[in-house]
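Colleague: I'd like to learn how to read helix packing in a model. Can you walk me through a case?

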Amino acid sequence: MAGQSSAVESRTGNNLFLRGVAALSTFAGWCSAAMIVAAVAITCQMIFVRFVLNQSTIWQTEAVIYLAIGSTLIGLPYVQRLRGHVNVDLIPLALPKTARYYMCILTLSLSIAMVAVLLFYGYEHWHLTYERNWKSDTVWGVRLWIPYLALPVGFGLFLLQLIADLVAVILKIDKPFGLEDV
Amino acid sequence: EELRLSHQWSNTDIRHQVAQMVADGVAEADVDLEISIFGTQSLFKAREQYRPLSRGLLDMTVLPLSYAGGQQPAFNLTLMPGLVKNHDHAARLSASPFMEALEEKMADDDVMVLVHGYLAGGFVGKDACITSPSDVEGLQTRAAGKAFEQMLAGAGASITSMSSSEIYSAMQTGILNAANTSSSSFVSYRIYEQAACYTPAADVALWFMYQPLLMNKSTFDGLNEDQQAALMAAAAEAEAFYLEEAKKQDAASVAVFEEAGVEIAEMTIEDFEAWRALAQETSYQAFVEEVPDGQELLDMALAVE
Amino acid sequence: MDPLLLGVIVAVATIIVLFSGVSVALGLLIVSTGFILIFDGMRSLELLPEILFGKLDNFALLAIPMFIIMGSSIASTRAGADLYEALERWLTRVPGGLVISNLGACALFAAMSGSSPATCAAIGKMGIPEMRKRGYPDGVAAGSIAAGGTLGILIPPSVTMIVYGIATETSIGRLFLAGVIPGLLLVLLFMIWSLYSTWQSGDKQLLNAGTYTWKQKFEILPRVLPFLGIIVGVLYAMYGGIATPSETAAVGALLCLLIAMIIYKLWNPKDLWIVLRDSTKESVMILFIIAAAGVFSYMLSSLMITQSIAEWIGTLDVNRWVLMGFVMLFLLVAGFFLPPVAVILMAAPILLPIITTAGFDPIWFAVVLTINMEIGLISPPVGLNLYVINGIAPDISLKTILKGSLPFVACMVIAIILLCIFPGLATWLPDVVMGKAI
Ligand code: NA
Ligand code: NA
């Protein structure tokens, strides 16, 4: 459950695959945080340029939007690793141990299928923008494949982390839904 | 059979009325064809409509064609300063070889035009009137469209980008000194409460934006002859209505601003020529550099009397 | 198929999927994808990434991570403790000083943070142990902070107001102002209840706070000034013509980070990372739900469900207050299970036309909606603030926290009733500052 003070990570044990994915997700988390910090800095720069220097601000708004989108998509795997995606765990809590285990396998598999779909179409969409060299319809005219790259990369890493979570539950390294036995 | 039409406007907007006329006309023809309208961005966001349209995932849309300028740079010519002088000139452009050339480019994206139409707009100033290029120097300005930003920057204005819904509060708090957008947006966002002076589209106007009703070409070709005929008939009727209403919009916006006690300024022919000379060095130049057959298209547009 | 019947099927499917324990965002995506696949066909799935990306393609949304950074950077310092300590020293004449100071600190902190969990955590970390040490009942200690924390989304800045403003094209600056007086009203109601229940628990000693010398009162002031500076600075930037509300968020985030680093010596990269980690965690979670809810509302609209429900409600010939009663009941129930942003994004497109047609003010409705969402934050089964309190004070049982929070829910219901009787509580301030509504 998302709480400020708790940052319970999913467990990796000594499993190399799990640890590798965890490291990747953590790195993605750093990138995500860095993009938001950059967005803060650019927005402040934009206010300065406009209010103090009274000059044009052509690229800032767009850059900041793409950084925020990038931060969100690239941050997905890390937040998954921190169990930060809110869920309703009323039923899982009420289920007996075995049923909870199978419920967890089911929901993780569904999540994996969903993110795989997003990854597939996200890649296609990115590839199209790259191939046709589409640009944003502004003076800055960003080549859109750059911000859209966050789609395949973010969903790809997210998919990996979800698979790792499934593996950890099946190998009994982590508890279903991260719930401790009561 | 059902067709889906998406647009970004409210159901009192002229562009919705155009879509509704086509939908009603087709329904009356009783050719087993129904058009469902999804307004106010309830299906796709404004700038997200062109791609689904070209992929056949959306059947029809009413949108400023320049929104797709990032995919087809030639479309940027449909929002170029000083290219269109007035509404009748706009109608002649729509029927010219220039538009045919653009329609060929749309056909590459599997898109066709059902209803042609241009809407005009003007300028507002928070403290003073904006008629000639020297009036915008040093002002924080929000412009509608890439080419206008380039021209205004060339006149020494500072350009800032924000959505049209933010213009009101930005002018109120003083972040913005001037703005340029369509006559109807000025009215619907109640900009007259924040402006000291309004320069509307009158005998001459700088800002014209091409906002056609588009359809996916394959979807159209897949209809039977009766359905196609009904669509074309309804579209022709809507196009005539669109032109007449577009003219009325400008006058109506002037009335609203006048009633609110806002000064109304007029752009003279000399002002217009000064802006166009500036545009030639800035936005036209940038366009020609960006688009391989840009000069040719520009010449075709300029050739329309 | 009849869109209304289809709507019922979608609702049931959504409930089943969300209760399975899958994350809210992915759950919404799974349901949407399923229905798009069945009714619009496989090819329509290629729209998914574009819709997701497009929903996030909005400058105003950027304010969300930034207002969250504001909160989490201050929350990582001793600032929360300083705030309520200062308030306590100055409020010695007021009975029940400590709980009053904590609630006051929540309100002040809420003015620096856009989110509720951050407000809750910041004040609760010091406030709850302190209150319990001095003998306040566990229920009052936990409940007051859980409820006080919810002010984070009512007192500006507010993440949910931003989302509402985007979903309904309402001025965010105006929405922020609308939350101020209802926020203060809620603080007052919370204080009254806290005092009453402390008094009722029998330990009248608690109501007499210690006495402080003028020296003690003044020496703590410098520690509070920076926060007042942030609040004034942000308000000035927002309403004084320097930046739009969304841009102001960046100024606020920068100021808060700087104050945390300079005044609270938050230099250690590890500590700084905790600030960024917590805010990344919360904002990515919220923004992904926003994107997913966007796909969900695309699905509802594409299947004509949104339009049909709105039409159907339009044909109901009921009193506007009966209508409002049902709307609030729906919001309340949705809020029990779903995080505020998800509720707002799914409900706003359907509800807003109905609300405005019935003659209700969209700004006023935003405030009522937000208070409904605050109730959801301190009610099971998904009550973010309850879990935050549980994390801060693990030895207070969830049951006690819940029991302690319930009376505060009653305060919120009273506030909603007062707002219905006196809509001006919400609309007066924005009208005065920004002129009559558009
Ligand atoms: Na707040
Ligand atoms: Na709840």
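Modeller: Start with the angle words: under 35 degrees counts as roughly parallel, over 145 as roughly antiparallel, 65 to 115 as roughly perpendicular and the rest as oblique. Angles run from 0 to 180 degrees between N-to-C directions, with axes fitted to C-alpha atoms, for helices over the stretch in contact. This is a predicted model, where local features need pLDDT of at least 70, side-chain atom pairs count only at pLDDT 80 or more, and totals for chains, interfaces and linings use all residues. Residues are numbered from 1 along each chain as its sequence is written, chains are lettered from A and ligands numbered from 1 in written order, and side-chain values use heavy atoms, leaving out hydrogens and water.

Colleague: At what angle do the axes of α17 and α18 of chain C cross?

Modeller: Two packed helices are described by the angle and the distance between their axes. Here α17(C) (residues 320-337) and α18(C) (residues 340-357) cross at roughly 175°, with axes coming within 11 Å. They are therefore roughly antiparallel.

Colleague: What percentage of chain A is buried?

Modeller: Buried means under 20% relative accessible area, with a 1.4 Å probe and protein chains only. That covers 56% of the 182 residues in chain A. The C-alpha atoms of chain A fill a box of roughly 65 × 40 × 30 Å along the principal axes.

Definitions and conventions. Buried means under 20% relative accessible area, exposed over 50%, partly exposed in between (1.4 Å probe, protein chains only). Helices (H or I, at least four residues) and strands (E, at least two) are DSSP runs, numbered from the N terminus.
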